[in-house]
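Subject: Structure handover

Hello,

Here is the structure you are taking over. My notes on what was found in it follow below.

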Amino acid sequence: MPPSTWNAAKAKVQLRLSVQRLRIAQQKKEAHAKGSRRDIALLLEKGKIESARVKVEAVINEDVNLELYELLELYCELLIARFGLLDQNTRDPDPGISEGVCSIIHAAPRTEVKELLVLRDMLMHKYGRDFSVAAMENRSGCVSERIMRKLIIETPSEELIDGYLGEIAKAYSVKWASTSSTTAAAQGSVVDGTSGSNTLESLPLYSREISDKLPDIPPTEDETGKPKASAGGKMEHSKEETEDEFAVLARRFEELKKR
């Protein structure tokens, strides 16, 4: 269909309607996901782990779909902001809006927003069949990579499922630990126990080294060139040094008082 059939006023209205409907859809999905998380927390509390794991897969998929809606909303807002480029009488979109146009044409059928489907038809009529087919098949990678990642259908990994269950249990104050974390904790305790015994064995050696190093005081002038005295002699010598130090301090204190 030739570009002359393009109606700029209707297209702008459709873009704004699409943004509103996408936001409403996101709010509904968030409310539904909140209820699902509460149900999963109850299953964890009752010990129905397998049921919780199956149910959390649906929550993960809904979160991915929610992110898809957010991205499509951003692209609609981008087309509104750059509507002057979209309204140009060309067969190919401007590079500034090309990714948004291709993403909407490619991903709109995967949503439940009728307004977005109408907008998709309008864009396909404007840019023609060849461009539309290229966008639907994502030729030359014209669709956003983030959009393509959200459209991939795959089973969530065990780590992701455990991560979701852990966050849900934490949010609803449910005591739960995944099998992987329990195994890791058990292995860690074994390792800690081994290293702890080694540490206990090495502690006396470490403290003994410190005790050997602490008494290393440089010899005084009186001790230079003299044999070491006995333990009793050391104690008497240390007492005399302490008394001399107190005497010096007392003398200095008296001198300060006289000033």
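In this predicted model, helix α1 meets α5 through Lys10, Ala11, Gln14, Leu15, Leu17, Ser18, Arg21 and Leu22. On the α5 side, the residues are Glu115, Leu116, Val118, Leu119 and Met122. Sorted by class, the residues of this contact are eight nonpolar, two polar and three charged. The axes of α1 and α5 come within 8 Å and cross at roughly 150°. Angles over 145 degrees count as roughly antiparallel, and α1 and α5 are therefore roughly antiparallel to each other. The crossing is left-handed.

Helix α1, residues 8–45, also packs against helix α2, residues 49–81. Their axes come within 9 Å, with a crossing angle of roughly 165°. That angle makes α1 roughly antiparallel to α2. This crossing, too, is left-handed. The contact of α1 with α2 is made up of 17 nonpolar, five polar and twelve charged residues.

From α1, the contact uses Arg37, Ile40, Ala41 and Leu44; from α7, it uses Tyr164, Leu165, Ile168 and Ala169. Seven of these residues are nonpolar, none is polar and one is charged.

Next, the cores. In soluble globular proteins, nonpolar side chains tend to be buried together. The largest nonpolar core in this model has 34 residues. Those that touch the most other members are Leu86, Val101, Ile104, Leu116, Leu123 and Ile147. Two or more residues each come from α1, α2, α3 (83–86), α4 (95–107), α5 (114–136) and α6 (145–151). Leaving out residues up to four places away in sequence, Ile104 touches Leu72, Tyr75, Cys76, Leu79, Leu116, Leu119, Arg120 and Leu123.

Apart from neighbours within four places in sequence, Arg53 is in contact with Glu158, Ile161, Asp162 and Leu165.

Regards

Methods: Residues are numbered from 1 along each chain as its sequence is written. This is a predicted model: local features need pLDDT of at least 70, side-chain atom pairs count only at pLDDT 80 or more; totals for chains, interfaces and linings use all residues. Side-chain values use heavy atoms; hydrogens and water are left out. Axes are lines fitted to C-alpha atoms, for helices over the stretch in contact, and angles run from 0 to 180 degrees between N-to-C directions. Helices (H or I, at least four residues) and strands (E, at least two) are DSSP runs, numbered from the N terminus. Angles under 35 degrees count as roughly parallel, over 145 as roughly antiparallel, 65 to 115 as roughly perpendicular and the rest as oblique. A crossing is left-handed if the near helix is turned anticlockwise from the far one by less than a right angle, and right-handed if clockwise. Ala, Val, Leu, Ile, Met, Phe, Trp, Tyr, Cys and Pro count as nonpolar, Asp, Glu, Lys and Arg as charged, and the others, Gly among them, as polar. Contact means heavy atoms within 4.5 Å. A nonpolar core is a set of buried Ala, Val, Leu, Ile, Met, Phe, Trp, Tyr and Cys residues joined through side-chain atoms within 4.5 Å. Buried means under 20% relative accessible area, exposed over 50%, partly exposed in between (1.4 Å probe, protein chains only).
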